[in-house]
Amino acid sequence: MESVSAATKEKALPTWLPVVTAAMLLVSLYLMFMWVPNERTMGILQRIFYFHLPSAFTAWVAFYIGGIAAIRYLRNRDNRFDDLSVAANEVGLLFTVVNLVTGMLWAKPAWGVYWVWDGRLTMQLMLALIYFGYLILRQSVNDPGQRAAVCAVVSILGMVDIPIVYMANRWWRTQHPGPVMFGGEGSGLDPRMWFVVLFTFVAMLFLMWCLVRFRRRLERFQREVNGLRQTIHAL
Amino acid sequence: MDDRLDWVWYAFTVAWVLHILYLVSISTREKKLREQVDYLKTLLKEHESKAGR
């Protein structure tokens with residue numbers, strides 16, 4: 001029988017976490033709209049980048065958390081790691097969708113089209129589809145142990161895709177702008193722009209952690225429901 | 001004003017709406033699960049009290 005957790009009594013977040021997250025997000029909005037200068041060629045449109053890039057980084061961090069939790073689940077079959085893995089992967093998918101949509105809304109005025117089958121865009125879409133498939137898989141396997149094990153494998157495979165997404169605009173130079181970090185000569189950003197990117201990234205990490213904790217508690221509730229059902233059936 | 005500002009506005013609105021919708025979805029799912037937990041606990045108590053008689 002699945003263990004009946006104390007999820008109902010558990011507090012999702014310590015009070016300071018949403019307060020710090022909200023404050024950091026407000027400061028990042030101020031920085032990206034009021035403080036940082038306009039980019040020379042794209043003008044105000046480039047400000048989408050301050051949301052677009054950190055959301056991709058945040059998604060990748062979430063997927064790595066999900067993947068590492070999946071490895072730990074496979075090693076010791078502790079349900080807490082499965083809960084963390086599904087929570088991080090689902091939140092990672094949210095940030096990936098935000099990244100893709102903001103990218104499309106930048107591409108339309110910049111390139112004249114919402115989408116091109118460029119290497120980076122395609123690989124990022126594939127990453128989203130892997131995790132979308134992961135969530136569908138979770139719904140379709142009934143046995144909790146089997147579901148957690150199969151999903152852990154998919155989660156690890158998804159994690160392996162992230163370096164390919166990162167390298168895609170170095171390996172296949174087509175439409176997506178070149179790398180802004182570690183991209184060699186001609187790449188890089190104004191230090192103020194870097195500061196806003198990094199600050200927003202940290203703010204989004206806080207937001208991601210709040211969402212992961214909320215989502216993880218949901219998984220514990222589900223486990224409690226399953227445990228109670230099994231107890232009642234056994235009576 | 002730069003008409004590209006509209007696209008910036010769309011992008012930020014969509015990003016925040018997606019986050020808010022996700023939070024709403026978590027809250028809705030949690031509410032349903034809480035109700036199920038309460039219902040199942042009541043059912044379990046009934047089963048136990050019947051068994052105790």
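Visitor: Is the crossing of α3(A) and α4(A) left-handed or right-handed?
Guide: In this predicted model, the crossing in which α3(A) passes α4(A) is left-handed.

Visitor: Which residues make the contact there?
Guide: On the α3(A) side they include A:V86, A:L93, A:T96 and A:L100. On the α4(A) side they include A:L125, A:A128, A:Y131 and A:L135. By class, this contact of α3(A) with α4(A) has 11 nonpolar, 5 polar and 2 charged residues.

Visitor: And at what angle do the two helices pack?
Guide: Helix α3 of chain A, residues 79-111, and helix α4 of chain A, residues 119-140, pack at about 145 degrees. Their axes are 10 Å apart.

Visitor: New topic: chain B. How many helices and strands does it have?
Guide: Chain B has 1 helix and 0 strands.

Visitor: What does its C-alpha trace span?
Guide: Along its principal axes, the C-alpha trace of chain B spans about 80 × 10 × 5 Å. The radius of gyration of chain B is 23 Å, whereas a compact globule of 53 residues would have one near 10 Å.

Visitor: What share of chain B counts as buried?
Guide: Of its 53 residues, 11% count as buried.

Visitor: Now the core. Which residues touch the most other members of the largest nonpolar core?
Guide: The core has 62 residues, and those touching the most other members are A:I48, A:A62, A:A88, A:V91, A:M208 and B:A11. The elements that give two or more residues to this core are α2, α3, α4, α5 and α6 of chain A, together with α1 of chain B. In general, nonpolar side chains tend to be buried together in soluble globular proteins.

Visitor: Take A:A62. What does it touch?
Guide: Leaving out residues up to four places away in sequence, A:A62 touches A:A88, A:V91, A:G92, A:F95, A:M208 and A:V212.

Visitor: Last one: A:S140. Where is it found, and why does it count as exposed?
Guide: A:S140 is found in helix α4 of chain A. A:S140 counts as exposed because it has 9 C-beta neighbours inside 10 Å, and the cut-off for exposed is 12 or fewer.

Visitor: What separates A:S140 from A:I164?
Guide: Their C-alpha atoms are separated by 28 Å, and the two residues are 24 residues apart along the chain.

Methods: Residues numbered from 1 in each chain as written. Chains lettered and ligands numbered in written order. Predicted model: local features only at pLDDT ≥ 70, side-chain atom pairs only at ≥ 80, totals over all residues. Axes fitted to C-alpha atoms, helices over the stretch in contact; angles between N-to-C directions. Helix = DSSP H or I, 4+ residues; strand = E, 2+ residues; numbered from the N terminus. Left-handed = near helix turned anticlockwise from the far one by under 90°. Contact = placed C-beta atoms within 7 Å. Nonpolar A, V, L, I, M, F, W, Y, C, P; charged D, E, K, R; others polar. Rg over C-alpha atoms; globule rule 2.2 N^0.38 Å. Buried ≥ 20, exposed ≤ 12 C-beta atoms within 10 Å, placed from the backbone. Core = buried A, V, L, I, M, F, W, Y, C linked by C-beta atoms within 7 Å.
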